[in-house]
Amino acid sequence: LPSTVRGACDLRDRLARPELRELVGGLGALPGAPRSFAAITEALGRPEVCLDTVASIIERDAGCSAKLLQLVNSAFFGLARSVTQVRDAVSYLGVVRVRDVVLAAEAGAMFQPTTPQLAVIAQAVNDHSVLVAAAARELTDRAHTHDAFVAGMLHDIGRLALATVLGSRYAAIEQARVQGADTTAMELEVLGATHAEVGGYLLQLWGLPYPLVDAVARHQDPDVTEDANPLLAAVATAQQQVDAGVESEGSGA
């Protein structure tokens with residue numbers, strides 16, 4: 001408990017830094033909570049909520065429905081049979097888990113690339129996040145596997161936000177990332193904050209739980225793999241493993 005309280009206070013102070021507030025305030029284009037996620041969250045606060053209510057919310061958004069079914073039928077969830085209806089997905093996973101999967105699906109889609117360059121960045125972020133989510137899920141105990149998956153899917157949302165609103169200014173940093181540069185140091189030097197902190201700030205604005213915000217905001221920090229927050233430890237370790245695997249493939253080629 002003391003460790004959790006200290007961590008929450010440290011995160012609060014970190015996300016309240018003037019440099020980060022100035023950067024995020026200057027962006028001026030960060031969106032509010034995803035529509036379907038917000039609607040499901042609101043519905044969960046009503047005592048009469050049922051599976052059909054949640055399913056109908058998702059079905060109003062064709063893109064979200066398709067992404068949900070794609071994720072549910074992926075190897076991550078290991079379902080015994082193919083799921084083709086949104087209501088069946090809600091029934092299999094439960095409304096809370098579906099809400100979180102919807103968040104992961106919607107969050108990436110909110111930042112639509114407007115140029116070929118941004119499309120490349122968005123695809124790279126998506127591919128990387130899927131790998132990290134899969135690895136993070138395997139690095140936690142059974143009680144945290146779903147949350148670790150969601151944290152992995154969202155851990156680089158700050159990259160999408162910065163690439164979308166800063167355009168070529170951030171694309172240069174992404175290009176340096178491809179070339180193996182220490183982009184955390186570059187982000188701090190050029191922007192005054194990292195994409196991880198921007199992502200954590202955004203999720204905090206959406207009212208997401210502390211462990212998830214913390215996992216996104218600090219996943220690039222050194223020496224967090226033994227942290228008391230199991231989601232942070234899983235995502236940080238998963239990213240290290242994925243990055244090490246990519247580097248090995250590159251050297252092998």
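Which helix gives the most residues to the lining of the largest cavity? In this predicted model, the answer is H10, which contributes 3 residues. The structure holds 1 cavity of 30 Å³ or more, and the space within the largest cavity amounts to about 40 Å³. Its lining is formed by Phe111, Pro113, Leu118, Ala122, Leu160, Ala163 and Thr164. Two elements, helix H8 (116–138) and helix H10 (157–166), each give two or more residues to this lining. By class, 6 of the lining residues are nonpolar and 1 is polar, while no charged residues are present.

Charged side chains were examined through their salt bridges, of which 15 are found in the whole structure. In one of these, Arg14 pairs with Asp221, with 2.5 Å between the closest N and O atoms. This pair links distant parts of the chain, 207 residues apart: Arg14 belongs to helix H1 (residues 2–15), whereas Asp221 lies in the loop between helix H14 (210–217) and helix H15 (230–252). Asp221 has a relative accessibility of 17% and therefore counts as buried, the cut-off being under 20%. Both Arg14 and Asp221 also belong to a network of salt bridges that includes Arg17, Glu19 and Glu197.

Further salt bridges include that between Arg99 and Asp100, with an N to O distance of 3.3 Å. Asp100 counts as buried because its relative accessibility is 11%. Another salt bridge joins Asp156 to Arg159, whose closest N and O atoms are 2.9 Å apart. In this pair, Asp156 and Arg159 are both buried.

Technical notes:
Residues are numbered from 1 along each chain as its sequence is written. This is a predicted model: local features need pLDDT of at least 70, side-chain atom pairs count only at pLDDT 80 or more; totals for chains, interfaces and linings use all residues. Side-chain values use heavy atoms; hydrogens and water are left out. A salt bridge is a side-chain nitrogen of Lys or Arg within 4 Å of a carboxyl oxygen of Asp or Glu. Helices (H or I, at least four residues) and strands (E, at least two) are DSSP runs, numbered from the N terminus. Buried means under 20% relative accessible area, exposed over 50%, partly exposed in between (1.4 Å probe, protein chains only). On a 1 Å grid over the protein atoms alone, a cavity is a set of points where a 1.4 Å probe fits but cannot get out, and a pocket is an open set with protein on both sides within 12 Å along at least five of seven lines; lining residues have an atom within 4 Å of a point. Grid points are joined across faces, edges and corners, and a volume is the space filled by probe spheres set on the points. Ala, Val, Leu, Ile, Met, Phe, Trp, Tyr, Cys and Pro count as nonpolar, Asp, Glu, Lys and Arg as charged, and the others, Gly among them, as polar.
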